[in-house]
Amino acid sequence: MKSTMLKSPIAFAQASQNPQMAEVNGMLTAVRFADEAIESQRADVLAICDVSAFARVSIKGQQAASYLQQQGIALPADANQWLFEADRLVMRLGNSEFLIEDQSSNVKPSVSELSSAEGVHKVSRNDAAFILTGNHIQPLFAEICEIDLVAELATENHLVMTVIAGVSATLLSQTLNGERIYRLWCDGTYGPYLWKTLLSIIEQAGGGAVGLHHFYPKI
């Protein structure tokens, strides 16, 4: 029997833009919305990218930190911090709760190989996940969030859990390929709404959507 390929939780909201699609981690994902030059121009101004296809999982419980360290996974020292190492992003959402995202298939052990154990609970994630970037990022954040996200995320390896356009979200800021970017995760069911809301503001500012290959050309 032929298996059905998963679609990004944002796919329906992107359909009218006719992006170039490709399989990433078994999920049909928008890898280009325009040619490379146009996407680069958008990213300079203000851009949004769907990275929901990255594999991720939550690990919770009193023994979560010990379990992950036993697997050789480096952890942030405190809650509301993150670490990026060898294509893996580890976010510490609380003293005993971690969100782990693999950004390549070379990460070992992969999130799919992590498991529940005594005092450890593995929870599947179905997030909508975005990259936001561009010179007009601060006006965008000012319109959709009550706190100053640029200031809040200026501290290295700090993450914020807040409300974005009425949706609970987790955000952090990092440098990727020399660009300052902002990562955002929310419940996948709210993904299409948040994509449309953010993209509308972004397009009004002269930016637009970019595909996964803009940031990860080798995927």
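This is a predicted model: local features need pLDDT of at least 70, side-chain atom pairs count only at pLDDT 80 or more; totals for chains, interfaces and linings use all residues.
Residues are numbered from 1 along each chain as its sequence is written, and side-chain values use heavy atoms, with hydrogens and water left out.

**Select the domains.** Colour 13-52 + 127-213 as domain 1 and 55-124 as domain 2. These bounds come from an automatic or database domain assignment. The domain centres, taken over C-alpha atoms, lie 23 Å apart. Domain 1 brings 15 residues to the contact and domain 2 brings 13 (contact: heavy atoms within 4.5 Å).

**Select Asn157, Leu159 and Trp185.** In domain 1, these lose the most area to domain 2, together 40% of what that side buries. The area buried between the domains is about 1,200 Å², with 54% from carbon and sulfur atoms. Buried area is the accessible area (1.4 Å probe) that two parts lose on being put together, summed over both.

**Select Glu101 and Arg183.** They form a salt bridge, with the closest N and O atoms 2.9 Å apart. The rule asks for a side-chain nitrogen of Lys or Arg within 4 Å of a carboxyl oxygen of Asp or Glu.

**Select strands 10 (127-133), 11 (159-164), 12 (167-176) and 13 (179-187).** Each supplies at least two residues of the side of domain 1 that touches domain 2. Strand 12 gives the most, four residues. Strands are DSSP runs (E, at least two residues), numbered from the N terminus.
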